Amino acid sequence: MKVHKIAVLAGDGIGKEVAPEGVRAVEAAARRFNFAVEWTTFEWPSCEYYLKHGKMMPDDWMAQLAGYDALFFGAVGWPETVPDHVSLWGSLLQFRRQFDQYINLRPVRLLPGVPCPLANKQPGDIDMVIVRENTEGEYSSVGGRMFAGTEREFVLQEAIFTRTGVDRVLKFAFELARKRPKKHLTSATKSNGISISMPYWDERVDAMGLNYPEIRHDKYHIDILTARFVLSPERFDVVVASNLFGDILSDLGPACAGTIGIAPSANLNPERNFPSLFEPVHGSAPDIYGRNIANPIAMIWCGAMMLDFLGHSDAHDAMVAAIERVLVEGPRTPDMGGTASTTEVGAAIAALI
Ligand code: NAD
Ligand code: IPM
Ligand code: MN
């Protein structure tokens, strides 16, 4: 029997509540489809670990995690005790960079049973995949502060767009569009205002598009693109974006499709030189932590994406089918208008799998 070695990094806040539900659902899928998972749970990265050790993770974190088939990640962040840029740059952003997880894949679908905040939208009207560049762009640590504390104080932060980095995410997005029925790709840009990096991004999109004559591709400036997400989400299929624009679109998309509590993401190193990381789009939600009311569906869906990446597309499909059924029939957590707990929803989905 195939055995997958998975590291569980639950993190902070509701990460600790939803991760066990993701594990439970994957375990149910493993029993049904006849494979095994060997789970190893880590107490880091987390803000609690930081308060004890002065860092989010041990120095040899890369060596400790490199041998796993995948990383199953909850969420990190507890801004009351550790500033967000310290906790996130000390953990998730290191994983993405050091493990070269340059694709952040974030599917967004309006599903039956999920209350949609947009008027007159039916299930099926929203069905897109956001492909977010995940290792460079606006998320750079290049820059600094000068003349600190004086009137002359300033900060500078660079954005980095490498040809390799841009081309590889565009290629992935075009290839994905090729596999989808609509064969449509939209690129997020801002080349009217950001006058160096974004014209370059557009130029690379056009160059890559030449290799994919069967894919219709267009571009929108990020400002109007956010408006179009709300007004006419049905026109999008694959949406490719730089790191920051992709971040914004991947909270907006799921909000348009009902709740960010069900939105999954896969941080992929497609070459499999390093483990890929599967995590909900949402964060640690300190405002609801400790009440057992967080929606576990995003985490469970991440488990499905993880199994798909590990070669179990049948397990993926069964898990998504179970999620879809629970969205229609309940139980539901409060973010979806219900009164059920995290564990009740998790148990219901696992039972269906
Ligand atoms: P958040 O996603 O944690 O929460 C935003 C809102 O959505 C909150 O009202 C929260 O209660 C709600 N929400 C989020 N997930 C939910 C779920 N599963 N079920 C029901 N409701 C849910 O975003 P935030 O408030 O901006 O950030 C909180 C902390 O999480 C910060 O420290 C932030 O840096 C961190 N964060 C971490 C990640 C990550 O680790 N991948 C992602 C985003 C934010
Ligand atoms: C996400 C998160 C992270 C990001 C934060 C927590 C650094 O918002 O995964 O979308 O900006 O990438
Ligand atoms: Mn985000």
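Phe35 is partly exposed, because 18 other C-beta atoms lie within 10 Å, while a buried residue needs 20 or more. This is a predicted model, and here Phe35 sits in the loop that runs between helix H1 (15-33) and strand E2 (36-42). Leaving aside neighbours within four places in sequence, Phe35 is in contact with Met1, Lys2, His4, Ala30 and His312.

The domain assignment of the protein gives domain 1 (1-101 + 263-353) and domain 2 (116-257). Taken over C-alpha atoms, the centres of domain 1 and domain 2 are separated by 24 Å. Nine residues from domain 1 and seven residues from domain 2 make up the contact.

On the side of domain 1 that touches domain 2, helix H5 (residues 92-98) gives the most, with three residues. By class, that side of domain 1 has four nonpolar, two polar and three charged residues.

## The largest nonpolar core

The largest nonpolar core holds 103 residues, and Ala29, Val131, Val239, Trp301, Met319 and Ile323 touch the most other members. Helix H10 (residues 297-309) supplies the largest share of this core, with 10 residues. Domain 1 (1-101 + 263-353) and domain 2 (116-257) both give residues to the core, so it lies between them. In soluble globular proteins, nonpolar side chains tend to be buried together.

Not counting residues up to four places away in sequence, Trp301 touches Ile262, Pro264, Val320 and Ile323.

## Helix H10

H10 has 13 residues and reaches 18 Å from its first C-alpha to its last, close to the 18 Å expected at 1.5 Å a residue. The helix is mostly covered, with 11 of its 13 residues buried. The buried residues are Ile297, Ala298, Met299, Ile300, Trp301, Cys302, Gly303, Ala304, Met305, Met306 and Leu307.

These buried residues pack against H1, strand E3 (70-75), strand E11 (264-268), strand E12 (276-280), helix H11 (313-329) and helix H12 (342-352). After H10 comes Gly311, which has a positive phi, near 100°.

## Helix H9

Helix H9 (residues 243-256) has 14 residues, and its reach of 20 Å from first C-alpha to last is close to the 20 Å expected at 1.5 Å a residue. Its buried residues are Asn243, Phe245, Gly246, Asp247, Leu249, Ser250, Gly253, Pro254 and Cys256. An α-helix has 3.6 residues a turn, so residues three or four places apart point the same way.

The buried residues of H9 pack against strands E4 (103-109), E5 (127-133), E8 (184-189) and E10 (238-241), as well as helix H8 (222-231). Following H9 is Gly258, where phi is positive, near 120°.

## The two ligands

Ligand 1 is surrounded by 22 residues, of which Gly77, Gly261, His282, Gly283 and Asn295 are the closest. The shell around ligand 1 divides into 12 nonpolar, six polar and four charged residues.

Around ligand 2 are Leu88, Leu92, Asp247, Val281 and Gly283. This shell has three nonpolar, one polar and one charged residues.

Definitions and conventions: Residues are numbered from 1 along each chain as its sequence is written. Chains are lettered from A and ligands numbered from 1 in the order in which they are written. This is a predicted model: local features need pLDDT of at least 70, side-chain atom pairs count only at pLDDT 80 or more; totals for chains, interfaces and linings use all residues. A nonpolar core is a set of buried Ala, Val, Leu, Ile, Met, Phe, Trp, Tyr and Cys residues joined through C-beta atoms within 7 Å. A residue is buried if 20 or more other C-beta atoms lie within 10 Å of its own, exposed if 12 or fewer, and partly exposed in between; C-beta atoms are placed from the backbone. Helices (H or I, at least four residues) and strands (E, at least two) are DSSP runs, numbered from the N terminus. Domain bounds come from an automatic or database domain assignment. Two residues are in contact if their C-beta atoms, placed from the backbone, lie within 7 Å. A residue is near a molecule or strand if its C-beta atom, placed from the backbone, lies within 6 Å of it. Ala, Val, Leu, Ile, Met, Phe, Trp, Tyr, Cys and Pro count as nonpolar, Asp, Glu, Lys and Arg as charged, and the others, Gly among them, as polar. The expected span of a helix is 1.5 Å times one less than its number of residues.
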